[in-house]
Amino acid sequence: MKYLGFILANLGRNKLRSALTGGAIMLAVVLVCLLLTMPAGLNAILDHAASNTRISVHNKAGIVYAMPYAFTRKVRQVDGVAAAVSSTWFGGAFEEAGRVTFPNFAVEVEHIGAVYPDYPIAAEQLADFQRYRDGAIVGRQTMRKYGWRIGQRVTLRSTVWPVTLDFRIVGEIANDRAPHFWFNREYLDQALKAMGRPGLTIAGMIWVRAADPNRVNAIMREIDDMSRNSEAETACETEKSFLSNFFGSLQGFVTIILIVTALVALCIVFIAANTASMGVRERAGEIAVLKAIGFGRRVIFGTLLAEAAALSVVAGGTGVLVTIGLTKLLQTFATWNDTLGPLGSFIVTVPVLVDGIFLSVFVGMLAGVVPSYGAARKPVVESLHEVF
Amino acid sequence: MPLPLSYSLRNLRARPARSVMTAGVIALVVIACSLFLGLISSLKRTVVSCGDPRNLVVMRKGSDNDGSSQLSLEAFQALRFFDGIARDAEDQPLASPELVVQPFFRTRGGGRENVLVRGVEPVALLVHDSVRISAGRMFTPSAHEAVVGRGVRGRYAGAELGNELEFGRGRWKVVGIFDAGGSSFESEVWVDVRELANDAKRVFPYSGLRLRVASPAELEPLMRRIDDDPRYALDAQRETDYYAKQSESANTLYILVIGIAVLAGIGAGFGASNTMYAAVQARTAEIGTLRALGFSRTTILSAFEIEAIALSAVGFLIGAAASIGLSILIGYAMGGVAFGAATFTTNVVTLRVGVSDLLGALLLSIVIGIGGGFGPAWRAARMRPIEALRKA
């Protein structure tokens, strides 16, 4: 601790250089944090949103191969099923000329709450969802994106069904990452019947919540056995496994992001190492004098290393603060990008910020090691010779 | 009188370690920037190059892609005899009815992806003439056979010539591999349209129709005839427009990459400034001497700017070479980069860092050089000769 003043004084000696180095490290930390935010968002969805007691029931052939709606009722009767809800893709586009910008599904209003008890939805909003035929419950991500409020009416034009429906937003899933838009399947069913079509006779997907986590595998087996040799054989899997499969095709993109992140991190090492070596070279004479008057190698090495580390920590900390500010800004206009899926939402998590700080400390030290070690090892006489 | 170019260049060699490190930082930024740009432009090119300016896409009004559109048999029968559609040697209209389904495929790694399966008739190869069977043969209708795109081959279990591919409700024998000039058709599997409709139990036999127009002059009138026909509520658009719209989401990614490039560029500029400031400081006496000899401020300024630009040029060259190498390496290691979870189908994109991506990176490194070098060069130019000489 007694060397702290010495270290800080050395940092302040060439303020411009320290500022430039600090600035470069800070920007690199911001970049690393922003880049890591994307895969981290994916992990957060898999770790938190996905439950092990929720089961996805879908057609074995793929999610675009539907199941008969009546199968939902059979699933509900399976022993150990606490609740089951069918969910059918509506493919609704919000603006007339626009494309599908958030996932929207027709669900059964009386069952949705029981299947997703872990979702933060107010009880009275779920009650309203059952009361109003045209009600919709919308995830906070989508609410924010369009500046919607509860009570507002919105119109979605389906790209799958030949209908355009008017909805009243009655509730919100109070989770920043939730993009869902749920509405009453009966509303769509009646709209289709009014056009002379047979109505909504299919279920795209059935979500099941098991009462007992230990019964999950047995339930999945029973449901799959029930559908065997029917028109629509099913394949059950846990929500976690379903989502990781669903996002699996993004792995390649994530790899590229990680490669670029590693490159940027390497940049920090270079920049910091460059500065550290400049400082050491300029101070060669001074270091020799310090040694000549009795300061040990360890002290010399330690103070030089601490100097590099201190600069990185300050820069890294600033970088983390800037990242928080920047993601807040980005959230307002960059959310759901259909090519990136969940990677498109910038919600910075604490682990990412911790990564950023650790990275800056680690690379700061790494960058300082070689020049500091060299300076500490160099014989006094040699250094003094060079200088004088 | 200007200072010789070799003055600036030789100075870079005076402290090689420092120059190499700074050039290294610029190189890393160039790699990061051109890899990202390359990835996005590859994605865009893959999708956009599916479109043929001579073709029209016909879909149900309100659909925004093949996957959500429906077309009845009657509509197809009526539409294929519309005026303005090109005809083949046997006078058959070049109208390709197509059904698009996205079933699960098992990847070789044990994962699962949605793959675009396109049900077609043999005429499809005439309408999409960029698609060529490069190995094996076209499928025989009603024989449960399939041809797979080059990007699909090897990625999924059974996606090899002669093997059986399992998707939908059955098994399909792979009898051919096709090539489509790098477009995203290569991420598709093509089978007989009737068999696919049967397998997917579709009420409507087709999702849409692709038409080859007889001549460019016929294009607009044909589009209007289809749009205005009250019987079917269909919508015709240029195939190039359709795929341009499908690739729109790649455009928002450009904003992301530009943001990343700007941040990284400023950081690298700081690093370059640092090196140049040190160079100016170390050469205080030299600059003083040059000024005393009569070299003007502008001369000194430009000499240091040239030094900074040379530094970033070296960085760019290293970075450009490395990013091309890295993209090839990634291609070998991962095969292709898969995109598109939310669009329901997997698009396997071959990462290629092209000239335009490198131009973007070049622009960035020039800005880094000029911007990062300006402060130090300015300081050098403003030095008073007497003071500079005295300091030494």
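Good morning, colleagues. Please keep in mind throughout that the structure is a predicted model.

I shall begin with the overall form of chain A. Its secondary structure amounts to 14 helices and twelve strands. The radius of gyration of chain A is 29 Å, whereas a compact globule of 388 residues would have one near 21 Å. Along the principal axes, the C-alpha atoms occupy a box of roughly 100 × 45 × 35 Å. The domain assignment divides chain A into domain 1, which takes in 4-47 + 250-387, and domain 2, which covers 61-232. Between the C-alpha centres of these two domains there is a separation of 47 Å. If we take the contacts in chain A between residues at least 6 apart in sequence, 81% of them join residues at least 24 apart.

I turn now to the interface. On the side of chain B, 54 residues are in contact with 46 residues of chain A. Which elements of chain B give two or more residues to that side? They are helix 2 (16-48), strand 4 (112-114), helix 8 (248-282) and strand 13 (337-339). Helix 8 of chain B gives the most, with 16 residues. By class, this side of chain B comprises 30 nonpolar, 19 polar and five charged residues.

In soluble globular proteins, nonpolar side chains tend to be buried together. In the present model, the largest nonpolar core has 230 residues, and those with the most contacts inside it are A:L31, A:C267, B:V29 and B:A32. Helix 2 of chain B gives the most to this core, namely 18 residues. Let us consider B:V29 in detail. Leaving aside residues up to four places away in sequence, B:V29 touches A:C267 in the other chain, together with B:A264, B:G265, B:A268 and B:L364.

Next, please look at strand 7 of chain B. How many of its five residues are buried? Five of the five are, and the strand is mostly covered. B:E145, B:V147 and B:G149 point one way from the strand, while B:A146 and B:V148 point the other way. Strand 7 of chain B has pairing partners that I would like to take in turn. With strand 9 of chain B, residues 170-179, it runs parallel and is joined by five bridges. With strand 10 of chain B, residues 188-192, the pairing is antiparallel, over three bridges.

Finally, I come to B:E160, which lies in the loop between strand 7 (145-149) and strand 8 (164-167) of chain B. Why is B:E160 classed as partly exposed? There are 14 other C-beta atoms within 10 Å of B:E160, and the class of buried requires 20 or more, while exposed requires 12 or fewer; B:E160 therefore falls in between. Setting aside residues up to four places away in sequence, B:E160 touches B:R153, B:G154 and B:V174. Its C-alpha atom is separated by 9.9 Å from that of B:R150, a residue ten places away along the chain.

That concludes my remarks, and I thank you for your attention.

How values were computed. Residues are numbered from 1 along each chain as its sequence is written. Chains are lettered from A and ligands numbered from 1 in the order in which they are written. This is a predicted model: local features need pLDDT of at least 70, side-chain atom pairs count only at pLDDT 80 or more; totals for chains, interfaces and linings use all residues. Two residues are in contact if their C-beta atoms, placed from the backbone, lie within 7 Å. Helices (H or I, at least four residues) and strands (E, at least two) are DSSP runs, numbered from the N terminus. Ala, Val, Leu, Ile, Met, Phe, Trp, Tyr, Cys and Pro count as nonpolar, Asp, Glu, Lys and Arg as charged, and the others, Gly among them, as polar. The radius of gyration is taken over C-alpha atoms; the globule rule is 2.2 Å times the number of residues to the power 0.38. Domain bounds come from an automatic or database domain assignment. A nonpolar core is a set of buried Ala, Val, Leu, Ile, Met, Phe, Trp, Tyr and Cys residues joined through C-beta atoms within 7 Å. Two strands pair if DSSP finds at least two bridges between them.
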